[in-house]
Structures are given as C-alpha cells and as structure tokens.
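Good morning, and thank you for making time for this item on the agenda.

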Amino acid sequence: MKFFPVRIAKQVAAWSLTLAAGFNLAGVAATRTTTTPVVGLRDASPRVHALVGGRIVMAPGKVIERGTLVLRDGVVAAVGPDVAVPADARVWDVTGCTLYPGFIESHSSLLLPEALRPPGATARAEGAERPRPAAPAMPVVGARAANPRIMPEKDVLNQLTPDPKGVEKFRALGFTVANIAPERGIFRGSSALVSLGTWDVNSSVVRAAADQEVVFEIGSYESFTYPTSLMGAIALIRQTLLDAQWYAATQAAYANHAGQGVERPEVNESLAALGPVVAGRQLAMFQLDDELDAARVLRLADEFKLKVALRGVGTEYRVRQELARAKVPVVIPLDFPEAPEVESPDRAVDVQLHELEQWDLAPSNAARLAEAGVTFAFTTSRLRKPETEFWPRLRRAVRRGLTEDQALAALTTVPAAIFGISATQGTLDVGHAGNVVVARGDLFKADDAVIELVWVDGDPYEQEAWQRLDLSGAWQVTWTGVKGPAELAISGRGGRLRVKAGEKSGSASQPDRRSVLMQLPAEVFGSASLTTSGSTSLTAGGSTGLTTGGTARLAASGEGDDLSGTGELPDGTSFRWTAHRSAAAKAEEPAATRDEPIATGDRYPAGAFGRKGPPAQPEHVLITHGTVWTSGPAGVIEDGDVLIERGRIVQVGRKLVAPAGALVIDARGKHVTAGIIDCHSHIAISRGVNEGGSAVSLEVRIGDVIDPTDISLYRDLAGGTTVLNILHGSANPMGGQNQVIKIRWGEDAEGLKFAGAKPGVKFALGENVVRAHSLAPVRTRYPVSRMGVPEIMHDVFNRAREYERTWADYRAGRSVLPPRRDLRLEAALEILNRDRIIHIHSYRSDEVLTFIRLADQLHLPVATFQHILEGYKVAPEIAKLGAGGSTFADWWAYKFEVYDGIPYNGALMARAGIVVSYNSDSADLSRRLNTEAAKAVKYGGVSPVNALDFVTINPARQLQIDQRVGSLEPGKAADFVIWNGSPLSTMAHPEQTWIDGRKYFDRDDDLRMRAEAAAERSALLQKALAERRKAVARGPAAESAGDSSDGGGPKPPGAATDDHDEYRAIYHNGADAHTCMQEEGGLQ
Amino acid sequence: MNIRIALSLTGLLAALALHASTALPAKRPAGPVLLRGGEVHPVIGAVLPKADVLLMDGKIARIGPKLSAPAGAEVVDVTGQRIYPGFIIANTTLGLEEIGAVRASVDSSEYGPINPNVRAQAAFNPDSEMIPVARVNGVLTACATPVAANEGQPVPGLLAGTSSLMRLDGWTWEEMTLRPTVGLQLFWPAPVPAQRGPAPAPGALEETRKRYADQVKLIRQAFANARAYLRAKDAAGGHPAETDLRWEAMLPALRGEQPVFIHADDIKQIAAVLDWAREEPGLKLVLVGGRDAWRAADRLKAANIPVIIDGTTPLPARRDDGYDAVYANAGKLHAAGVKFCISESTNESGGPTNARNLPYEAAMAASYGLPADEALKAITIYPAEILGVAAELGSIEVGKRATLIVTDGDPLEIPTQVKQAYIDGARIDLRTRQTDLYDKYRQR
C-alpha cells in the first residue's frame, strides 16, 4: 500500500508509451483526475508541449545534440533528433538551450508543517541550517514508543503543507522533485518525495515513505531526558530496532495463540512503523554530525542488515575509502566555508590547520568522493540562501574535477536510485515524468548560465530569463537631441550587465524581459544643442561638451536586434535614441576551468600531527645499552637490551644479538619502560561522557563513540602513554560500557580498540550519583542518598536474573511469545556471569564497604575501585574482595567526599595487598603519569621499581590485559617508551613511544610535523588572505546586486559576524577538561 | 552547587576546622638555630657544598664554613642535606578556599565586577588544611589572591581585589601577613569564548564581542574614576569630601607604588593588555597566567612586563599548538629575556589543594628548555622580585628572612623529602591532616 502512488505512476508511464507510439499525432489532452472538487471552472488547458531545437541531455552521458522533446499529459511522450512535432502541441523554441531531466532535491524541509520542524525553526535565517539545541522532549501520547524522540510513525505525507513561494524558489534552481524529511527526534518518521509543480498535494506526491529519517539527536545534559549523549542515542537506536524486530515477532506469535491463555502483548505504533526498516525494505537515511558518524551508522547497518544512506556535512572525503567499501550512498551539502578571518595574526592563531584545510578542500568533497567510487547526491540543505548559493557552489565543485555527468547524476539518476523512483524520474526517457530543465549557457560550468524553463509533471514554469532580451553585443546608436557615442558595447547576461562607450564604461540592468536601463558618464555625450541624425558622422564629445560631469540615464525597450528609448543628461536635457545590434557578443569563456586546492588532506586525522598511514613495523628492533625498567620479575636491567620481532618482544636481557637487518636503537644513557597505561580516561569520546538521562545506563557503549581524532591522544603518546581505559562518566550508579584502546594514532575508531580486552562497565557511588540531577527543577531521580545506591543496583541485578529465566523458559518451550531483548539487562547479566568486569567510581569508605558486601552477595567481578581516595581506610576489605585500586597520586579536597584523600593512599593499599594503579581522569595528567608514579615513592616509600608498576603492569592487571601489555617481557606487545632520563624524574621526558613495534611518537618527527604544518598553514593563510581581500572588496553590496559567487557575503575583519560556526571544530581541540568529576551539569 | 547540601555542609566544615591538623604554629620568638654542615643553595650565587647557616631573630645572620654557635643556639646537624630558600607561590587561593565544590568554604571572589578594595588577608583562614600540606613540599610563602567570579552574577569579576603576601605560619592571619596589600588583581575579560567547542548559537559571537567591549569599558571607567578621585583627593589636601573605598584602594597602583596584576592567558587578551598598558602609563604591570605569553615574548620584553606563569601543565590552548607549548613557555620567556616566575596551575584540580606541587611545575619547565637553576629561581627569588619582597625573601642571604627548607635531595624531584622547614627563623611542624590520617590508618 505504501507504494501505491508509484504503481499509479508506472501505469501512467505505460499508458504514455502507448500514447507516444500510437496517438502522438492525434492525442487529446486529458484533464488530470483528482479527488479534489473543482472550484469554479475546470481548467482544461491542453497539456501537450513540444520543445524544439534544444540540446537534450536525456541522462548523464546520453546526449541528443539537437532534438525535440514532446510532453503529453505530464509525461515524456517522445524524444529524439527526428521527432515530429505533434499537431496539437504548443511549440517552444528552445534553440541554443540545453534540456536536462528535472533535478531532485534529496533533502528538504519545504512543505513541512511546524509540528515536524525543530522548535524555533521558523525564526532561523531563511534556508539556513544552523546547529541548534535539539528539540526538548515532547509529551508522549498514544500507543507508541516510550521515548519522545522515537517517532518513526510520523509521516510527512499526512502533514504536507502548501508553500507555493517556497516551491517556486526551488523550482527556479531546476528542482522538480524534493525529498521532504521530518526534522524532530531520533527516529523522525517517513519522508515523502514530492514534485514541485502547482498541483494539489495529493497529485504531487511521487513516493510516500521514501525513507525513515534517523538522527543522533540528543538533549542537553541539563534536560535529563534520555539520551543526553551520542552513545545513549546509539544505544537507544539499537534497542529500538531490536524492539521493532521483537514487536513483529510477538504480534505474529500472538496472532497464532490469542485466546489460548496467552496474555495480550502491547500495541505500539512506533515499533510497527519500523517494520519496513528492520525488514530492510525501507531506506534508513541517517544524518551525520561529522564524518566519524559514518562508521557508527555503518556498524548499525551491518548489525541490523539495514538499507541505509547517509546525509553528510561536507567532510565525507576524509572517510571516502570506507564509504566506497560499504557501497553506501551519501547525500552531500554544498555549504563550503568562507575564507576564515585571518587578517590579525593574534586572532589567526585560533584558526587551526584542519579548519583551513576544510575551507580549502570542501569544494573538492564531491570530486574526491567520485574519484573513490562513492555514490552521492547533492542537496541544498545547509545552504543559507540556496537561491544564490547553490549553482555557484556546484560549479565550484565541478571546477575541482567533478565531471558534468557526475554532477548531473548527483542531481538526477543517483537520487532517483537512492529513493527508488528511477522508473519515473531522473532521465528524459519516454514514459518518464515530464520533468525538464531548460538552461541557456553551460549550467555546470558558466556562471552566466541561466535556467529559462522548468517543466514539472509536463507543465511549463517560465523563469525570469525566459525570452529575456539578450543585450550582449555591439550596438550602433542613433541619437536624437544629443551627440553621443556611435557604438555601445554591452556584455554579460541577466543581472550582471556592463556597457562600454569607447574606453568609458557604465552600468546596465534589465528591469524586465524587454527593457534595459543604462547609466553612462555624461562626458561621453557632446553638446545638447547639436541635433544629429547620423551615427557615423559624429563622435563622442568629452570635455568640449556641455556636460563635464555626472551621469546620463538611458532607458529603452527592444525586440531582437533593435532598441529604442529615451535618455536624460545631468542638466535635465532629454533625448531619444535607437540602436541596432551589429555584432553578437562572443560567448563568454567560462572562468577558470580547474581550481585546485593547496591542501592535500592526505593525513588522518586531518590537520596538524595527523599521519599519512601507520608507522612502519620493522621486522626486528633491538634496543641496546639502555636502563630497562621491565616492570616484570627481571626488575631494572642496567645496560639492558630488548629484542622485538614483528611487534612482539622476544628477548629482554644483556648483550643480545641483532638479527640481520634489525633496526638498532642505541639507548645509551636512556631509560626504557613499558608503555604507560592509564586506567581512567575520558578523552577521545564524541558528544557526551555521561549518559545522564537514566540512573542505569548499562546498555550505552563508549566503544560506539570513540573519537580517533582527539588531539589528546597524540599528546598522551608524547607523554609515553600507550593504553587507555576509556570510561563512562560517574553520573549514574550503573553507567556504561568502557572501551580499552591502544593509542594507534592515525587509525580509525575500530583500529584503536584493544582487541580481546576484557569487557567492562563503569559503576559509580557517592556524591555524583546522588547529586546527578541536583540541577533539575524537581529531584525525581532515584537515588538521592548513599542508602539508595546499593538498592538500585541490587534491583537491576535481580531483574537481570529474572530476564535470564524468561529467556530460558522461552527457549525450553515453556512460553509462547518471544521475550523482548533488553540490552540493559543483558549487560547486567554479563556482569553477573562475570563476563563483564566492574570499574566503580568510589570515594568514601562507607560506600565502598557497602558495595563490597553487595559484590560478595552477588559474586560480582569488581576489577577496580576508581579514585577510591579512602581506600586506605578499608584496604583489608578491598584486598579480600580481590579488587584493584585505581587512584590519584595526590588529588584531594576538590569536593567534600575527598577531604580525607591522602597521597599515602596508594602506598597503604599496596601494602595491604591490593593491586594499585595511578590514573589521570584528565587529558592533562594522562600525559605525565610517570611523575605521578614517583609520588608513590615520596608518599609512603614505595620502591621506585614498584612505583613505576603503578602506571604499567598494575593497570594492565586491573584491566586483565597483563598477558599482552604492561611490562617488557618476551611474548608481550612491543609497547615501550624511550626516556631521556629516569621515568620517575621530573626532568625526564619521552623521546620515542612505540606500540606494537611501531613508532607512534618521536620528538624529532614531532618537530618535523610542526614544520610541515607551519608551511602548509602559511600557504593556506596566504590563499585565505587573497580571498578575503577579494571578498571584502566586493563587499556586502555584491549580494544585493545579485552577485551569486558567494552566499552570505564576507565581512571585513573585526566586523560582527556569526560565520565562525562554519569552522566549527568538529575535532576535539584537546582543551576540554575530560574529567568525570568536572562534568557538564555541575557534577564535580 | 546544591544550596541545601552546601548549607548542611557548613556546619560540618566548622566542626572540621576545629579539628585542624595537629600541626602547631611555631613558638615565637624563636631562639638562634645553627644549621651545621649542609649543602647550601643560596639561589643567588654558587652552591656552597658544605656550609653552616645561622638563623637569629628571624633572619639569616651568617653563612659560612664552621660558624661558631652563639650562646643558647640550637645546633642542627644537616650534614648530607641541602638548604634552599622556601618556595614562594605567587598566585594562589590558598587560605581563601577549602573545598572547591563546597560553596560555603570558598571565599576567593566577591560579588560584582569592580572590587579593588577587598583584601585577601581578611578571609585568610589560618587553619586551612591546605596550608600545612603546601608546607611539606617547601612552599612557605604564599601570595593569597582574590579571583574574578564568573558564575552567578550578571557581569563577571574584573577587578577582583588586592592580594596579600602571607607567611605560612601563625595563629592568626594578622600574624601570618607579610604584606597586607601586594597589588590589584585585574582579570582581563575574554574577547571570544575560550573554548571552541560546539558552534555558537546565532548571535552568540556578536553578543560575546559586545560583552567584551562592555567589560573593557568598565575597566577603563574604573581607572578613570580612580584617577579623578586621586586628583580630587590631592586637590583637597589628601582629605576628600567623601571616601570611595574602591578608588581609595587603587591609589597605590595609580601612584606606581604597587603593581597591577593582570590575569590573561590568551594571546588576544595579552595583546589587548599591551594596548591598554599604553593608555595607562605609570602603572607597574605584571601579567598573570600567560599561557600564550611565549607568543608575545618580544612584546612583553619591550614593554618590560614580567609574567607570573600560572603553571606549566595546563593543556595547550589549541589543537595545533605543540604538545609541549605550555611546558616550554617558561623556557621561551627566559630565552627572550622576559622577567618571569612560575606559580602552581589551578586548572583542573581546582583551588589550592595542590599548591604543594609548585616545585614540580618548575621542574616541568626545566624538562622542556628552562635551565634547571632558572627553574629553581622561578619559585624563589623571581617571585620575590615580582612581588616586591626580594630584599627579604627568595634566597639564602645574610639579612634576609630565615625562611628556608632542609631537604634530602633536589626538591624539584618528587621523591625528595623536605626534612625541616623554617619560617622567620622558627622551625615549623611538618605534620598535616594527611600525615595524621596516614599515621592513624597505618595502625589498622
């Protein structure tokens, strides 16, 4: 039923073919059947048109150099070089024009009612797609999803709202069909493809339920509505898709067992609406926030076998190989950033290299995607003023190497294929919808090309340029009442006319199709007293005339090659004139045919310090003569050697022999340690460390949102840190799933993950969890005291056991309806089954002991107490539980529950037999954990060797990765650091940091990268300056004059501008606090 | 901060304050002490491998080999140990803040943008647990500094108040005060949002620019009013008709008697400060914070403006900055000839909880380009100079205050222990709340 309109269209198409074949000479125009009652008189105008003499591009790469296109009753009836003009056709002479299939706008908010737009959307700048706070939750009414952001049942089809003016604007750009998409929520509902004619809505729908819109929309932390984080949004999408699968299955099962003692299952309109999506029948269109989201969507698509397309943001070229491999189509915008404001050196330092690169490379996005074999379509969305920005920007993309065919395909055949309407749209084949664009000039290359006619469903829509007098050329002028120049040369088209009289130039404009207004310097006119009639006998006066200054105004109207009109000199003298065109203008050469970026964009992550591929892994590496801190039983080996083979340590000792070809590192005077492991980090997380929307959020996964571009990762490498335990924040008693990574800088998110690391989860006790919602107007979230914390945990674990039984019953055939999968409880069950280990944020001894007793009772696998600043008070109990203590070296007193934090904590816990690590919980400390370790020596007298263990082997043991990393022992990964002094010395720093036998950091390489970045930056700054000079000179006036070369118009340096958001750093700038204590929403 | 919690904690804290650590203020006047046989690091001048230091009447009386002990002097054998001047933390909220997250324990900023008249001294809690903790690593003198309030008021703080130089020993703030007023603390507003995170809302940037301009206007007005007040007061023979506490407090700065400490990290702020400095000749300016100071080293040198570097471990300000941009800041200022000292950064842990790590902040600079002896000066004689007390503090020299430490090694290295500390010649108790808890729970 959903595809009913398409079927109709197909029938119509078949019928048209018959028409074209049999009745094209004698066809009778038929009025379109609609259910809308006729008001007044019926419109029975004939709908047969022949477009004659044009160049016809039937489809990308398929051109008829000169032919005729016949449209009959809304569809293409005939097309070809020798097609006869039907007798009943209205004939349109389109000689000199090019005909294209009507363009398809892949994403639009046209016709969208207020209810499906984000709140406040109408207040925003016309056409602008600005980032804005996500929609607040709407109350849930009806039998639908419990989460207000899950509204797949919404459908623009039943909400389409007429907007003739908006439609006209898009039609003027050549768009004949648009995909109208709802704009609220995570699952936002179904879009509809609508043709952009003037028929009623019913007749305009090309395809209903074109796609299901999906957006990672999150509330602010302060909204306290799940989800408040990207990982929460992804978890919610995952759970919802599972629910949709379950819903279909359980409804089917119930249908077979109703009345047989089975309780009626719930009805849920939202889950029902997702049926076609989980069945892979309906396209899921995911909106990206940055290019990192692409991989996240592809993982979901893979997991649920979804049919997906992506709507990008303009940086997709950075992940083009992945997109090509996945064969996923992408809808891309053309909102290229303006040149950044770089005039002030002190301000320009804030413009980062990756932003400059994006400015330079954005126009190349399409060409690079095309080159990589990615299928893409264009959209005008995200442009502020599509009507002036769209074509110039598309042409810019073409100048960057996109072919005309590729550009055309991105507007026609590709979107038609993406949205499943290729049978009727996208080409000018006979039988297809009568959607045609008629353009004069090279639409894809020339800035003066214009669209003269647009046909939608076989109806003509004349554009401003249609039959507009083309004034360009040389005109021989006859003046009456004034002595004027014999010849005027007019160049340009439309709104950009220049007129020249000899060396003097003036301006001209066309107020309507037939008229022209000109302004010329008065000095080109001679004495008004002379009446002349010959155009050749008199020449222009100049200083000898009456008029030595001012501007003369001329107005005329014309037909073909003749103009006649009047004029007035500055002194009020009026005159008449006629002109005849003696020569047509030479066709304007398209400006630059090719425009190359300076930036190569070949580093990942983009910008400074990115890599051009993984570092080499030498077959053998031999480190010689170093002071080797093994963090293993061998202790510290003076004058020691370490032999590495293909990324693994094979020997550690003295006087090792280098295999042939081995890379030998002379470490004389240096110290060598295992890579440092940070057991508590929050860096490299996209959009939200805490899922604050729920006290229990076990289903959210840090692994879904790893941000491999966070510069903090690189800074960590420079501090000798190689492994991170990236944790959910501490807002919730039962937080989210953590992700252990290796800092393989330059890899994507998947490439960073520490394969085989024991899965874990973050729990939290104390002030943060009971205060998480203290900013909410009403405290509604349980728990608000330390008493409630163990209760909610216990309750969740009880539910998890029941969940396990429910499934066991079903599998054993003891129940009929399939149970719902619950990812939250499944995670809890993994914990109970000791397949997922707990890292618990904790401070005070009372709460710690309470949790220990719960862990005893439920036999919970507690890997670490995190922070655990009062661990020293209950050290024997922690030791007995077998949990580790991952603490700060000396942080304390930042909040009340840590007033008893003491720097001796680590030493005291270690003395009690607890495996102790020192962690960072901060992007800063993570760079210098070696000197944090030294504090164990100072406070409590831990030996230097054991102190270093606090940041190497001990955290490895806590994370249960100690068989792989954490010490320099044979069989382990070659993760090591070469220091220029003792790692415990404040005066020492890393010179090299290696992971898996690959050198990821080298101080010399770093300096070289800085120099490279500086050079590229200088070149880009020069380019930006040049563009800024041009743009500022052109000024805001350019915009009003219809100069379409750039949309919003540049602002002079220092002027008020909001354009900064165009350079929004989607990359972490590394300056965020990244701590779980100084979290958004006032958590401390 | 939840008000209810804050209020309920107030009582608790009062109770805690009564249980301040067992460390007692030193007995004064202190008798003479002869430190015998230590390795003396005077900071100014060469290291004396083995020398005696005589402390008398709160001052360093003599330095030299084999000094004879005056009658009644306590002779302390420090053979094998080292003697350094006590460290000076030049910018801290020590004594003004206890627990960052507990509003009731934070008294470091006053309401409103213009508060030149409030003095740190007035709210300096002598029983703050932070003080003994700072001392154990050799931090014996602190410039307690009001800070600009940013939250909970319409206009952020600009002129936050006047700092006070405190010695970290005494029963009351009065006993602890070395200089009641060191200088005005001016917090230069941020021209653009410091963080470049998510895109600003439409108009937000323009709003920020306007807010910045308004704040700079407030600063200009304050100085203009204070100058007018000074003229009026001089014209009235020093007795103005009405006293304005704010402008009165600014007079020492306007007369060039005390510096104006301007807090600015970003290069755009620093450039703005340098511009403003030309409008206000006659002021003695000191830049505080200075995260981007290395970018303007030549300009700061030319303007003769010293810098109190607020820590060497804050994160680089921008993605493209080198990972060591802030570590290397001091080294670059030194190389450019800019006067500077190093203070403890308060960026992440918040408040003065880790003022004790001051020597390690200095060491980090030494690891990235600052000569090691300069790192030591950066927390001793240089802050003394910038704070105007170099005649009394900052080095081991005869006649200076006997405020010094005895260590078992290089105090810039973490494992080194401070074995003894003297403030104005009196040996101080190195116990802290933390050592008390340590001693207690070792028993368990």
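A hairpin of 5 residues links strand E22(A) to strand E23(A). E22 covers residues 504-509 of chain A, and E23 covers residues 515-521 of chain A. The two run antiparallel and are joined by 3 bridges. Within that pairing, A:Ser507 stands opposite A:Gln519 of E23(A). For the terms: strands (E, at least two residues) and helices (H or I, at least four) are DSSP runs, numbered from the N terminus. Two strands are said to pair if DSSP finds at least two bridges between them.

Before I continue, a word on the source. This is a predicted model, in which local features need pLDDT of at least 70 and side-chain atom pairs count only at pLDDT 80 or more, while totals for chains, interfaces and linings use all residues. Residues are numbered from 1 along each chain as its sequence is written, and chains are lettered from A and ligands numbered from 1 in the order in which they are written.

On its other pairing, E22(A) meets strand E21 (residues 497-501) of chain A, again in the antiparallel sense, over 5 bridges. A:Ser505 of E22(A) is the bridge partner of A:Lys500, and A:Ser507 of E22(A) stands opposite A:Arg498. The hairpin of E21(A) and E22(A) has 2 residues between the strands, and A:Gly502 there takes a positive phi near 60°.

E21(A) also runs antiparallel to strand E20 (residues 487-491) of chain A, with 3 bridges between them. Here A:Lys500 of E21(A) faces A:Ala489, and A:Arg498 of E21(A) is the bridge partner of A:Ser491.

What do these strands build together? In chain A, 8 strands close into a barrel with antiparallel pairing, in the order E19-E20-E21-E22-E23-E24-E25-E26. Neighbouring strands are turned by 30° against each other on average, direction ignored.

Contact itself requires C-beta atoms, placed from the backbone, within 7 Å.

I turn to the interior. Why is helix H10 (residues 353-361) of chain A described as largely enclosed by the rest of the structure? The reason is that 9 of its 9 residues are buried. A residue is buried if 20 or more other C-beta atoms, placed from the backbone, lie within 10 Å of its own, exposed if 12 or fewer, and partly exposed in between. Among the buried residues of H10(A) are A:His354, A:Glu355 and A:Trp359, and the buried set packs against helix H26 (1003-1034) of chain A.

The largest nonpolar core has 415 residues, and those with the most contacts inside it are A:Leu99, B:Ile262, B:Leu287, B:Ala362 and B:Ala365. Helix H4 (residues 230-257) of chain A gives the most to this core, 11 residues. A core here is a set of buried Ala, Val, Leu, Ile, Met, Phe, Trp, Tyr and Cys residues joined through C-beta atoms within 7 Å. Not counting residues up to four places away in sequence, B:Ala362 touches B:Ile342, B:Ala375, B:Leu376, B:Ala378, B:Ile379 and B:Leu412. A second, separate core of 23 residues includes A:Leu471, A:Val482, A:Phe525 and A:Phe575.

Finally, the domains, whose bounds come from an automatic or database domain assignment. Chain B is divided into domain 1 (20-86 + 395-444) and domain 2 (87-393). Their C-alpha centres lie 29 Å apart, and the contact takes 29 residues from domain 1 and 28 residues from domain 2 of chain B.

Notes:
Contact = placed C-beta atoms within 7 Å. Axes fitted to C-alpha atoms, helices over the stretch in contact; angles between N-to-C directions.
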